[in-house]
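This report concerns one structure, shown below. It begins with the surroundings of the ligand and then turns to the strands and the nonpolar cores.

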Amino acid sequence: MCVTGEIMKYAIETNKLTKKYGNFLAVDELDMKVKNKSIFGFLGPNGAGKTTSIKMLTCLIKATSGKGIVAGYDISKNPNEVREKIGMVPQLVSLYSDLTARENVELCADYYGVTKEDKEDRMDDLMELVDIKYAENKLVKQMSGGQKQKVSVVASLIHRPDILFLDEPTIGLDPTTKMVLWDLIQELNDEGHTIILCSHDMYEVEKLCENIAIMNQGKLVAYNTPQNLKDNLIIEKEKLFIKENPVLADLQNEIMDSNNVNDFKLNNDLKKELDTYIPTTQLSVMGENLTDETVEEIKGLTNVYSTKFNHDGRITMDLDQFSNKNGINEVIKIILKNNGVVTSISTNDPSLEDVFVNLTSKKYNKLDEEAK
Ligand SMILES: Nc1ncnc2c1ncn2[C@@H]1O[C@H](COP(=O)(O)OP(=O)(O)O)[C@@H](O)[C@H]1O
Ligand SMILES: [Mg+2]
């Protein structure tokens with residue numbers, strides 16, 4: 001709930017939020033919205049401006065220009081109100097190493113003015129939630145990275161913030177501890193906390209986040225759901241592919257002409273061209289009762305290439321990326337029609353990592369071109 005008592009749609013909204021260090025633009029007119037009660041991923045290579053953005057949104061540093069609304073409050077006009085609504089797990093754990101876990105959390109509770117009665121209960125509950133209660137009396141300097149990270153999470157939640165910022169929380173943690181933290185992030189979100197998750201880890205972001213923003217060199221270069229970003233990459237590659245293949249582009253244009261749609265020779269020429277150049281997605285279907293007839297029928301589909309039948313119950317094929325989704329449907333239809341059963345299906349679609357590399361290397365490419 002925001003100040004006015006209305007249900008807030010966005011936990012965070014920024015408008016041209018900018019940070020300059022001298023002449024250096026660390027964050028360049030950031031415009032983004034984070035849906036209330038969602039998990040939002042913030043991706044970008046080192047130096048992209050993620051931590052700087054988070055520092056502005058958590059009122060640790062002042063923005064040079066632009067606007068940011070966090071939990072309904074303006075970061076430049078009402079920083080104290082913002083601070084009460086947010087929790088922050090910084091990139092570098094900032095705990096007192098000569099104090100115990102519990103003492104650290106207690107300091108934080110006192111800083112936020114949590115009452116004495118609430119304090120003890122909350123500390124117990126949160127420590128149990130993240131499973132660190134067993135080490136509450138251990139000195140921080142004697143703790144492992146994962147344990148410190150958990151204490152940091154408890155400290156950031158002690159004043160019950162609506163929004164939690166996590167700046168690369170799982171970096172350097174072993175896979176098991178990572179998974180524990182992922183479960184915790186999910187659990188906190190289920191409880192109603194909005195989570196901003198800064199990360200390099202594509203798997204982590206894809207697993208947890210509803211929406212993601214990718215930053216590069218201070219600018220937002222993408223903002224979407226992970227799936228849409230992957231789909232967009234396919235579309236972008238298709239367009240580039242046609243552009244770079246004039247023969248194919250001409251053939252496509254000719255066939256698009258309504259008089260030629262059914263022209264056998266033209267279609268055949270196009271198929272030949274596609275056979276030579278087309279970027280394909282490999283599809284692998286496992287099933288039961290797959291027969292040679294089924295495979296022959298799949299081979300007859302247009303836009304399906306290199307179909308192979310492995311008699312262990314697997315058919316592999318290459319689908320051209322122009323008809324990817326439809327192609328998969330057609331293949332499944334044929335299997336079902338021939339009384340086959342599909343038990344598993346997989347493709348090598350682009351990963352979020354491909355999207356990341358594609359978007360964050362663009363700027364460099366552009367700079368290279370300009371330098372020529
Ligand atoms: N206090 C500062 N003074 C000058 N430059 C800074 C300062 N803090 C960060 N930067 C620069 O701003 C850019 C963005 O940094 P940062 O936000 O930490 O990136 P990220 O968290 O995405 O790795 C980097 O080039 C960094 O060197
Ligand atoms: Mg950072």
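## Ligand shell, central strand and cores

Helix H1 supplies the largest share of the shell around ligand 1, namely 3 residues. The model is a predicted one, in which local features need pLDDT of at least 70 and side-chain atom pairs count only at pLDDT 80 or more, while totals for chains, interfaces and linings use all residues. Residues are numbered from 1 along each chain as its sequence is written, and chains are lettered from A and ligands numbered from 1 in the order in which they are written.

Ligand 1 is surrounded by Tyr21, Phe24, Ala26, Gly44, Asn46, Gly47, Ala48, Gly49, Lys50, Thr51 and Thr52; a residue counts as near a molecule if its C-beta atom, placed from the backbone, lies within 6 Å of it. Strand E2 (24-30) and helix H1 (50-57) each contribute at least two residues to this shell. Helices (H or I, at least four residues) and strands (E, at least two) are DSSP runs, numbered from the N terminus. By class, the shell holds 4 nonpolar, 6 polar and 1 charged residues, with Gly counted among the polar ones.

In H1, 8 of 8 residues are buried. A residue is buried if 20 or more other C-beta atoms lie within 10 Å of its own, exposed if 12 or fewer, and partly exposed in between. Cys59, which follows H1, has a positive phi, near 60°.

Strand E4 (residues 39-43) is likewise mostly covered, with 5 of its 5 residues buried. Ile39, Gly41 and Leu43 point one way from E4, and Phe40 and Phe42 point the other way. In a regular strand the side chains alternate between the two faces of the sheet.

A nonpolar core is a set of buried Ala, Val, Leu, Ile, Met, Phe, Trp, Tyr and Cys residues joined through C-beta atoms within 7 Å. The largest such core has 70 residues, and Val70, Val154, Ile196 and Leu197 have the most contacts inside it. Helix H5 (residues 145-157) provides the largest share of this core, 5 residues. Apart from neighbours within four places in sequence, Val154 is in contact with Val105, Leu126, Met127, Val130 and Ile132, contact meaning C-beta atoms, placed from the backbone, within 7 Å. A second, separate core of 11 residues includes Leu290, Ile298, Ile315 and Ile335.

Methods
Contact = placed C-beta atoms within 7 Å.
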